[in-house]
Amino acid sequence: MSATESENSVFSRTPVNAMPAPTWHRLMVNSQVLVLPKHYEIDSEFELEVEGAKLADKDAFDSALAAFQEKLDGRKRSAKDTRAVVDAAEGKAEAGSLDVPALSSYQKNAVLEEVSGDVREAFETGMGSEAYSFLKSGNGHVALVAQKGTSSSATVRLLAKDATCSATCVDVVAEANSQIEVTLSYEAAGEGSGQVGCALRVFAGENAQVTVHSVQALGDAWTVFDDSGYVLDDNAKVAVTHRVLGAGTAFTGLSADLRGDKSSIEVSTRYIGASEELRDFNYSIKQRGLATESNLDANGVLAGSSKKTLRGTIDFVYGCKGSTGNERETVLLADEGVENKTVPVILCDEDDVMGNHGATIGHVRPEQHFYLACRGLSDKAIESLFSVAALEEAYMAFDDERIRHGVAKLAQARGVDAEDFIDGEEECE
């Protein structure tokens, strides 16, 4: 884009998906930029289906964090934190002292945040504060409360409209011993091109169980931004699944604060990149409570000249003794022209923890290729099998007919023979 085009056609360029601790500058993976065209109207278009959960006021999430803060304040350690790193962050160290470490700006801010113990100030979403502020500008807001000891579910359909940036905020509060399942479905409300996004904030109370499904199967003319932030109380369990199947550009960000003891989060990501599509992910999990657990598992297929960056950061904060964290990614490179960047990071300020990360990246193995070629499959058909499998998995995962219809429509647009997994689905119009 030229300088003139930028001035005339771009309303804003918002930095998103910044890594918690910037690194690898030469690889250009520290962040991405969300561009909002000037002619796009900012609006909020969504449909809500709720079963069992209570619709609440906009301050429900903030009130839940305030109550959680009182609980945390009641069990703070009385002894003063005498670590040298704290003196360095607070500027109390003697000049020239060799016992005080030099800190980066990230380390300083992280220590000060840790010492303050303010869960509200520390709260963040994966795409960052600027992206969250932008999503709030759509003036669409939903607040759901799963009341103590109940089970409930909700589906939020986020509708993409032509020449519009549809932005919505969704808050979920799961009270103690409750269960709630939330589905975010990104759908097109007609033809054309535009942007659609959602900022999700979740508080999982003590012993609560929260399940979140996010799925989008939009065409290449659309841009999707899926932003979320989680706070977990003692023994809370959260399971998140992201299915990024379509859209020309898709940003996904998730941040989680495992502040409660024995809290856990499982994040599963399934994605497909085709043609010239862009996939950009940023996951940041801070484990603060005792014996917390996190698992990041991503599996994707890149074809054509698509590009993908996945940043995954697990941060073992001082005091999270007995915690474990794992990052795994499997990427199939279906064409030579794709670009893949996988950036697993583990930060650690605690000794009694266990962290693992790994990635498997490559093309179809020769023995697999030979096996399938012997059965009459062309090279293109062999590589497309894996994309078909991802679409099939998404189709079978939901009973929701509108979600299934969207997956089927995307499959047909990509020339996929989906008869094997579309049960009675007529040609999508």
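Me: Why is lysine 286 called buried?

Reply: In this predicted model, where local features need pLDDT of at least 70, side-chain atom pairs count only at pLDDT 80 or more, and totals for chains, interfaces and linings use all residues, lysine 286 has a relative accessible area of 12%. Buried means under 20% relative accessible area, exposed over 50% and partly exposed in between, with a 1.4 Å probe and protein chains only, so lysine 286 counts as buried. Residues are numbered from 1 along each chain as its sequence is written, and side-chain values use heavy atoms, with hydrogens and water left out.

Me: What makes the contact of lysine 286 with glutamate 113 a salt bridge?

Reply: The term asks for a side-chain nitrogen of Lys or Arg within 4 Å of a carboxyl oxygen of Asp or Glu, and the closest N and O atoms of lysine 286 and glutamate 113 are 3.3 Å apart. This pair links distant parts of the chain, with lysine 286 in strand 16 (residues 278–287) and glutamate 113 in helix 4 (residues 105–116), 173 residues apart; helices (H or I, at least four residues) and strands (E, at least two) are DSSP runs, numbered from the N terminus.

Me: Why is aspartate 233 called buried, and why is lysine 71 called partly exposed?

Reply: Aspartate 233 has a relative accessible area of 6%, and is therefore buried, whereas lysine 71, at 27%, is partly exposed. The two residues form a salt bridge, their closest N and O atoms being 2.9 Å apart.

Me: How do you know that strand 11 and strand 13 pair?

Reply: Two strands pair if DSSP finds at least two bridges between them, and strand 11 and strand 13 have eight, in the parallel sense. Strand 9 (residues 179–188) is likewise joined to strand 11 by eight bridges, and these strands run parallel. Valine 212 of strand 11 is the bridge partner of valine 182, and valine 240 in strand 13 is the bridge partner of valine 212.

Me: What makes the buried residues of helix 6 line one face?

Reply: In helix 6 (residues 129–136), Ala131, Tyr132, Phe134 and Leu135 are buried. Seen down the axis of helix 6, the buried residues fall within an arc of 160 degrees, so they line one face of the helix; the arc is that of the directions from the helix axis to the C-beta atoms.

Me: Why is asparagine 207 called partly exposed?

Reply: The relative accessibility of asparagine 207 is 31%, so this residue counts as partly exposed. Asparagine 207 lies in the loop between strand 10 (194–204) and strand 11 (209–216).
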